[in-house]
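Below is a short report on one protein chain.

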Amino acid sequence: MKEPDMNQHASLAPESDYDTIRAAIRYLSETGPDATDLKRFARALGLTERQLTDLFRRWCGLSPKSFAQAVALDHAKSLLRERASVLDTTYEVGLSSTSRLHDLFVTYEAMPPGVFRAGGAGIDMVWGVAPSPFGLAVVTATEYGISGLGFADAEMSVEDAFADLANRWPNARFTRDDARIAPLVAPVFEPGRWSSEHPVRVVLIGTDFEVKVWETLLKIPCGQATTYSSVAERIGRPSASRAVGAAVGKNPISFVVPCHRVVGSSGALTGYHWGVPRKRAILGWEAGVVSAAH
């Protein structure tokens, strides 16, 4: 495999791009990738064919047809073809393996369980908003790293997205400071800056069980997927798929802790806290990351 040129993949596309991407996903949900007619696709989005192609090249590095295939409802089925070994293989090769050159590198610290039980009492958090390929990223952070990441768009305001994150730690003290958040968020969505030498720092705040699930999610490689039952088996609780699903749903650091890479055993894109269309968009965007790396 040649050394990946991550600059081929879009870093931070214009915020308005995601609104069009959402509309594209709605369109593709109705037509399916195999029936996609480029001219009709572009017209449905109010674009020319050239504008449509430029949009997807800019946003995810894929052609419109490749993007359509990457966000198809059955795309996760192909990601699961190797699902039995995804987590095992990842544990064997390790996070610094060259096979993960196109992965976001993350280091984490788990806060003591008492902090979770106390609702974040005594913890100072800063929060703010930054651009992302999936709408505005709303982020909370402690001195140890990012503690929450959600998204705002036309359907969810910044204030509502922040409340969603802040309500997880009702006793923490929050101060808004977009300038402090910006440098924490920028590397998250810029594949060209993904490096084991400069990992993204996060702090996990949850029950022991939840933290164990989230730690396992960090082992799922970009461009692959696994199932709730596989995660349950990995943490030594094979009968706890439902509890794993609940923990995945409570993941406070979306995208960075990749809960979007967990799907149903049939490949179905089950619920996502920030909307299934966004889950499909992220998987499609990651397909572009992987494509650029090969």
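## Two crossing helices

Helix H10 (residues 208-217) and helix H12 (residues 241-249) cross at roughly 80°, and their axes come within 9 Å. H10 and H12 are therefore roughly perpendicular to each other; angles of 65 to 115 degrees count as such, under 35 as roughly parallel, over 145 as roughly antiparallel and the rest as oblique. On the H10 side, the contact is made by Phe209, Glu210, Val213, Trp214 and Leu217. On the H12 side, Ala243, Val244, Ala247 and Val248 take part. Contact means heavy atoms within 4.5 Å. The residues of this contact divide into eight nonpolar, no polar and one charged. Ala, Val, Leu, Ile, Met, Phe, Trp, Tyr, Cys and Pro count as nonpolar, Asp, Glu, Lys and Arg as charged, and the others, Gly among them, as polar.

Axes are lines fitted to C-alpha atoms, for helices over the stretch in contact, and angles run from 0 to 180 degrees between N-to-C directions. Helices (H or I, at least four residues) and strands (E, at least two) are DSSP runs, numbered from the N terminus.

## Model and overall make-up

This is a predicted model: local features need pLDDT of at least 70, side-chain atom pairs count only at pLDDT 80 or more, and totals for chains, interfaces and linings use all residues. Residues are numbered from 1 along each chain as its sequence is written, and side-chain values use heavy atoms, with hydrogens and water left out.

The protein has 13 helices and eight strands. Of its 294 residues, 52% count as buried. Buried means under 20% relative accessible area, exposed over 50%, and partly exposed in between (1.4 Å probe, protein chains only). Take the contacts between residues at least 6 apart in sequence: 71% of them join residues at least 24 apart.

## Nonpolar cores

A nonpolar core is a set of buried Ala, Val, Leu, Ile, Met, Phe, Trp, Tyr and Cys residues joined through side-chain atoms within 4.5 Å. The largest one holds 74 residues. Within this core, Phe67, Phe134, Leu217 and Phe255 touch the most other members. Helix H1 (residues 15-31) gives the most to this core, with six residues. A second, separate core has eight residues, including Val115, Ile123, Val203 and Ile205.

Phe255 sits in the loop between H12 and E8. Phe255 is buried, with a relative accessible area of 3%. Its phi is near 70°, a positive value in a residue other than glycine. Leaving out residues up to four places away in sequence, Phe255 touches Leu104, Phe134, Phe151, Val188, Phe189, Trp194, His260, Tyr272, Ile282, Trp285 and Glu286.

## Strand pairing

Strand E2 (residues 124-130) has six of its seven residues buried, so it is largely enclosed by the rest of the structure. Four bridges join E2 to strand E5 (residues 173-176), and the two run parallel. Met125 stands opposite Phe174 in E5. Two strands pair if DSSP finds at least two bridges between them.

E2 also pairs with strand E3 (residues 136-142), in the antiparallel sense over five bridges. Val129 has Val138 of E3 as its bridge partner. E2 and E3 form a hairpin with five residues between them. In the turn, Gly135 has a positive phi of about 100°. E3 and strand E4 pair in the antiparallel sense over seven bridges, and these two form a hairpin with two residues between them. Ala141 stands opposite Ile146 in E4. E4 (residues 145-152) is mostly covered, with eight of its eight residues buried.

Pro252 lies in the loop between H12 and strand E8 (262-263). Pro252 is buried, with a relative accessible area of 2%. Pro252 and Ile146 are 106 residues apart in sequence and 9.7 Å apart in space, C-alpha to C-alpha. Not counting residues up to four places away in sequence, Pro252 touches Ser147, Gly148, Leu149, Leu165, Arg168, Trp169 and Trp214.

Leu79 is found in helix H5 (residues 75-79). Leu79 counts as buried at 13% relative accessibility. Leu79 and Gly223 are 144 residues apart in sequence and 7.4 Å apart in space, C-alpha to C-alpha. With residues up to four places away in sequence not counted, Leu79 touches Gly223, Gln224 and Ala225.
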